[in-house]
Amino acid sequence: MRRRPGLSARLKLALSYAGFLFVAGALLQAVVWWFLLRYVPDNSQGLLGISPNRYLLVRTFAPAAAVAMAFLLVFGLLGGWILAGRMLRPLTLITDAARTAGRGSLSHRIRMEGRQDEFRELSDAFDSMLEQLESHVAEQQRFAANASHELRTPLAISRTLLDVARKDPGQDRGELIERLYAVNTRAIDLTEALLLLSRGDRGNFTREGVDLSLVAEEAAETLLPLAEERRIILEVTGGAARTSGSAELLLRMVTNLVQNAVVHNLPAGGTVTVRTEAYGDTSVLRVENTGRVLPPDLVPTLTEPFRRGTERVRTDEHAGVGLGLAIVHSIVRAHDGTLDLAPRPAGGLVATVRLPAVP
């Protein structure tokens, strides 16, 4: 944005200081004149016949007053310029840091020293903003790199299969079609997951009243065949837990949590418990499953896109694309809620979603 050139803040402050000092001096001289000189008799004998008269005092006082006023003006300008520079130095540091960040360097920090004041509060807020922005940009870069890699993998596999089929016309076309179908299905799932994640991040959806207990029952009914196939007991308990949001996104959130709990479970004989309840102004959805013991340092990273713990990677048809909990986290955040993940001491995971409740 182009602006017309103007006076700097430092010069404005210096002029303000000088003007204030000049006016104060003028008022002081006016007070001296009003309360002192005006009572001196204006005659040839002066006061009691021995003091100078008003004419002589004015002629003596006026040049000295003019010199004093000129000194106050110069002193005010120089002193104001120096004081304004010292006062505005923190603002200069913040401006330099903003220009550095504008050139793409987000690692720079001001870290202004000294006691707390308005400028240092602004500096700390700016440092905090830069830290969050740097973390967000780094996360987006990792996400873009991982997404590109994940999307490139099925395309590379498809190209390899087609190259082999072209070089070997006698290859079984039925097997080739099945393998290409599986690879294509995975690419479509990944693309839909990326679009859903982007939609959740934007938060541009219509809100309506949603009962999490009904959503949990619908998700459990959909995933019941998968649970029975893996010989896992899937149970939904609790009461009504109403919130406001997108019914489609909330269903995907619960479905991802339940599917994650079913897939990452014991080989057989495991359990998945889905419970909904309301606590005052908060609606709570809790999904708990059995499984292997998870390292505590692994759990906080599970919501990162494409993050798969070594022991959580599945090689079957439900391998996933590494976006399940990332999508859950994005949907929860778009609905002004929180997602807490905690490992169970006996193995498995407890995922707790807290959303604002509505009557």
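Buried means under 20% relative accessible area, exposed over 50% and partly exposed in between, with a 1.4 Å probe and protein chains only. This is a predicted model, in which local features need pLDDT of at least 70, side-chain atom pairs count only at pLDDT 80 or more, and totals for chains, interfaces and linings use all residues. Residues are numbered from 1 along each chain as its sequence is written, and side-chain values use heavy atoms, with hydrogens and water left out.

**View 1. Overview of the protein.** The protein has seven helices and seven strands. Both are DSSP runs, numbered from the N terminus: helices are H or I with at least four residues, strands E with at least two. Their order from the N terminus is α-α-α-α-β-α-β-β-α-β-β-α-β-β. Of the 359 residues, 34% are buried. The accessible surface is about 22,600 Å², and carbon and sulfur atoms hold 58% of it. Such areas come from the Shrake-Rupley method with a 1.4 Å probe; for residues, only the protein chains shown count as cover. Among contacts with a separation of 6 or more, 69% join residues 24 or more positions apart. Contact means heavy atoms within 4.5 Å.

**View 2. Helix H5 against helix H6.** Two packed helices are described by the angle between their axes and the distance between the axes. The axes of H5 (residues 212-229) and H6 (residues 247-263) come within 9 Å and cross at roughly 40 degrees. That makes H5 oblique to H6. Angles under 35 degrees count as roughly parallel, over 145 as roughly antiparallel, 65 to 115 as roughly perpendicular, and the rest as oblique. Axes are lines fitted to C-alpha atoms, for helices over the stretch in contact; angles run from 0 to 180 degrees between N-to-C directions. The crossing of H5 and H6 is right-handed. A crossing is left-handed if the near helix is turned anticlockwise from the far one by less than a right angle, and right-handed if clockwise. H5 contributes residues including Leu212, Val215 and Glu218, and H6 residues including Leu250, Val254 and Gln259. By class, this contact of H5 with H6 has 13 nonpolar, two polar and one charged residues. Ala, Val, Leu, Ile, Met, Phe, Trp, Tyr, Cys and Pro count as nonpolar, Asp, Glu, Lys and Arg as charged, and the others, Gly among them, as polar.

**View 3. Helix H6 against helix H7.** The axes of H6 and H7 (residues 324-334) come within 9 Å and cross at roughly 145 degrees. H6 passes H7 in a left-handed crossing. Leu249, Arg252 and Met253 are among the H6 residues in the contact; Ile327, Val328 and Ile331 are among those of H7. The contact of H6 with H7 divides into nine nonpolar, three polar and one charged residues.

View 4. Ala326, Ser330 and Ala334 are among the buried ones. Leucine 323 sits in the loop between strand S5 (282-289) and H7. Leucine 323 is buried, at 1% relative accessible area. Its C-alpha is 8.3 Å from that of leucine 190, 133 residues apart along the chain. Just after H7, aspartate 336 has a positive phi of about 60 degrees.

**View 5. Two loop arginines.** Most residues other than glycine have a negative phi. Arginine 111 has a positive phi of about 50 degrees. Its loop runs between H2 and helix H3 (118-167). Arginine 111 is exposed, with a relative accessible area of 62%. Arginine 231 has a positive phi near 55 degrees.
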